[in-house]
Amino acid sequence: MNSSDIPLAGPAARPGTRTRFQGWARRQLVQRLAGIDWGAMTIEEDGERLVLGSPGRAGEPHPMVRVSDPGLYTALLLRGTLGAAESFIDGHWEADDLPGVVRVLVRNLQLMEDLDTGWFRLTGLVDRLYH
């Protein structure tokens, strides 16, 4: 059993629905990503688009992230960047420019470090045991 076998949100939700915990996790993610100061990122879910950062600056990427499963938010909150990677592999989200997503996050390194603190520290030991 690996960490991707651990259920994050119970039974699959219908499109357009989030559990309360997923909604809270999404708000936490948006709050952290609101601090993007290099590049920009648009998150699209259920027809809603949220633009984070400053789009339109020359030479800075502005990738579109499409969320198809709100389990992404739980994975990010509980497992940080590892959860994001596993959630991508599981098809919970896709990007029109995956290298652009990585570039934006790396250039805003503090945001990535913030994702790997808090709840992640509590669940990280379990992940390391499974990996």
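Reader: Which residues of helix 1 are buried?
Author: The buried residues of helix 1 are Q22, G23, A25, R26, Q28, L29, V30 and L33. Buried means under 20% relative accessible area, exposed over 50%, and partly exposed in between (1.4 Å probe, protein chains only). Helices (H or I, at least four residues) and strands (E, at least two) are DSSP runs, numbered from the N terminus.

Reader: What sort of model is it, and how is it numbered?
Author: It is a predicted model: local features need pLDDT of at least 70, side-chain atom pairs count only at pLDDT 80 or more, and totals for chains, interfaces and linings use all residues. Residues are numbered from 1 along each chain as its sequence is written, and side-chain values use heavy atoms, with hydrogens and water left out.

Reader: Back to helix 1. What span should it have?
Author: Its 14 residues should span 20 Å at 1.5 Å a residue. The expected span is 1.5 Å times one less than the number of residues. The end C-alpha atoms of helix 1 are 20 Å apart, so the two agree.

Reader: How many aromatic pairs are there?
Author: The count is 2. F21 and W24 form a tilted pair, 5.9 Å centre to centre with 35 degrees between the planes. Rings of Phe, Tyr and Trp (its six-membered ring) pair if their centres lie within 6.5 Å; planes under 30 degrees apart are stacked, over 60 edge-to-face, and the rest tilted.

Reader: Where do F21 and W24 lie?
Author: Both are in helix 1 (residues 20-33), 3 residues apart, about one turn of the helix.

Reader: New topic. What lies over the face of W38?
Author: R107 does, at 4.2 Å from the ring centre. A charge sits over a ring if NZ of Lys or CZ of Arg is within 6 Å of the ring centre and within 35 degrees of the ring normal.

Reader: And T42, what does it touch?
Author: T42 lies in strand 1 (residues 40-45) and is buried, with a relative accessible area of 5%. Leaving out residues up to four places away in sequence, T42 touches R49, L50, V51, H62, P63, M64 and V65. Contact means heavy atoms within 4.5 Å.

Reader: What's the overall pattern along the sequence?
Author: The protein reads α-β-β-β-α-β-α-α-α, with 5 helices and 4 strands. Buried residues make up 40% of its 131 residues.
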